[in-house]
Amino acid sequence: MLWVGFALSLLAFVSYFSFFVQFPWTRNFPWANLLLFALAAGLLAMGMRRAFRLPEQYRGKFVGSILAGLSVLILGLFVFSIFIGGRRMPASAAAPHVGAKAPDFTLTDTDNKTVSLASLLTEPVHGAAPKGVMLVFYRGYW
Amino acid sequence: MRVVAISVDPAETTRNFTHKKGYSFTFLSDPKAEVIRRYDLIHAKAGPDEQDVARPAEFLLDSTGTVRWVNLTESYWVRATPEQMLQAASAVR
C-alpha cells in the first residue's frame with residue numbers, strides 16, 4: 001500500500017506534463033493531478049497507520065516514513081512548478097492592446113512560403129474573406 | 001475566422017508537428033523572434049537551451065487588423081480555451 005501510494009504520487013506528478021497538459025480542462029487547473037495526489041496521500045496514510053498500529057502484522061514504519069516524506073516533496077515540487085514557476089513571465093506591457101492596430105509582419109509558413117499579416121487579413125478562408133485573424137503565439141520547442 | 005500560430009520553431013519542426021497532429025491552420029516561423037519582440041512577447045531564456053521564446057499570448061484582430069481581444073495569460077500553464085476564443089470571435093463582424 002505504501003509503495004502503491006508512492007508510485008501514485010510519482011504518476012500524479014509526471015502525468016500532468018506527459019498527458020493532462022494536452023487538454024484545456026485538465027491543463028488550466030490541474031484538478032486531475034491533485035486528485036491523484038489526494039489518492040496517493042490516502043494510501044500512504046492508510047499504509048502508515050497500519051504499520052504503526054499493527055507493527056507485528058505490517059512492516060513499513062521506516063520505509064513508509066521515507067516514502068511519505070518523498071511524496072510530500074513531489075507534491076511540493078508540483079505545486080511550485082504549476083502555481084508559482086508558471087507565473088514567472090514577462091509583463092508584456094507594450095504588447096498590442098484592444099483598439100490598437102496590430103503591427104504588420106512577414107514570416108514564413110511551414111512550406112517556407114512568405115506570408116504577411118496583411119495577406120492573412122484579406123486572403124479568403126473557405127472561399128470567403130476572413131472576419132478576422134486569431135494570432136496565437138506559443139512557446140514552441142515541440 | 002483565420003487561426004494563425006506563431007513560434008520560434010523552424011518551419012521543418014513545425015511541419016513535422018502539424019502533420020503528426022493533423023493541424024490544418026497556418027503556422028508561421030519566427031526563428032529570430034523578431035515579430036515576437038515587436039509584439040513585446042519575448043520570454044527571455046525560457047527555451048530548453050536558454051533561447052528567447054514567445055510567452056503564450058492570443059490576439060483577435062478584425063478584418064482591418066485592429067486588436068479586438070487579447071489574452072495575456074499570467075501562467076504559461078493556463079491558456080485561452082477554445083470556448084473563450086470562439087466567444088471572442090463571435091463578437092467580431
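Me: What is a nonpolar core, and which residues have the most contacts inside the largest one?
Reply: A nonpolar core is a set of buried Ala, Val, Leu, Ile, Met, Phe, Trp, Tyr and Cys residues joined through side-chain atoms within 4.5 Å. In soluble globular proteins, nonpolar side chains tend to be buried together. This model is predicted. Its largest nonpolar core has 27 residues. F105(A), L117(A), L135(A), F137(A), Y39(B) and F59(B) have the most contacts inside it.

Me: Which elements each supply at least two residues of this core?
Reply: From chain A, α5 (117-122) and β3 do. From chain B, β1, α2 (34-38), β4 (53-54) and β5 (57-62) do.

Me: What does Y39(B) touch, leaving out residues up to four places away in sequence?
Reply: In chain A, Y39(B) touches A95(A), P96(A), A102(A), P103(A), F105(A), L117(A), L135(A) and F137(A). In chain B, Y39(B) touches F59(B).

Me: Which residues does the second core include?
Reply: F13(A), Y16(A), I74(A) and I82(A) are among its 21 residues. This core is separate.

Me: Now the sheet. What is the order of its strands?
Reply: Strands of a sheet pair through backbone hydrogen bonds, either parallel or antiparallel. Here 7 strands form an open sheet with mixed pairing. The order is β2(A)-β1(A)-β2(B)-β1(B)-β3(A)-β5(B)-β6(B). β2 (114-116) of chain A and β6 (67-72) of chain B are the edge strands, each pairing on one side only. On average, neighbouring strands are turned by 30° against each other, direction ignored.

Me: Where does helix α1 of chain B pack?
Reply: Helix α1 (residues 11-21) of chain B packs on the sheet. The helix touches β1 (106-109) of chain A and β2 (26-29) of chain B. Its direction makes about 155° with that of β2(B).

Me: How many bridges join β3 of chain A to β1 of chain B?
Reply: 5 bridges join β3 (residues 132-137) of chain A to β1 (residues 2-7) of chain B, and the two strands run parallel. V136(A) has A5(B) as its bridge partner in β1(B).

Technical notes:
Residues numbered from 1 in each chain as written. Chains lettered and ligands numbered in written order. Predicted model: local features only at pLDDT ≥ 70, side-chain atom pairs only at ≥ 80, totals over all residues. Heavy atoms only, no water. Pairing = 2+ DSSP bridges. Helix = DSSP H or I, 4+ residues; strand = E, 2+ residues; numbered from the N terminus. Axes fitted to C-alpha atoms, helices over the stretch in contact; angles between N-to-C directions. Contact = heavy atoms within 4.5 Å. Buried < 20%, exposed > 50% of the residue type's maximum accessible area, 1.4 Å probe, protein only.
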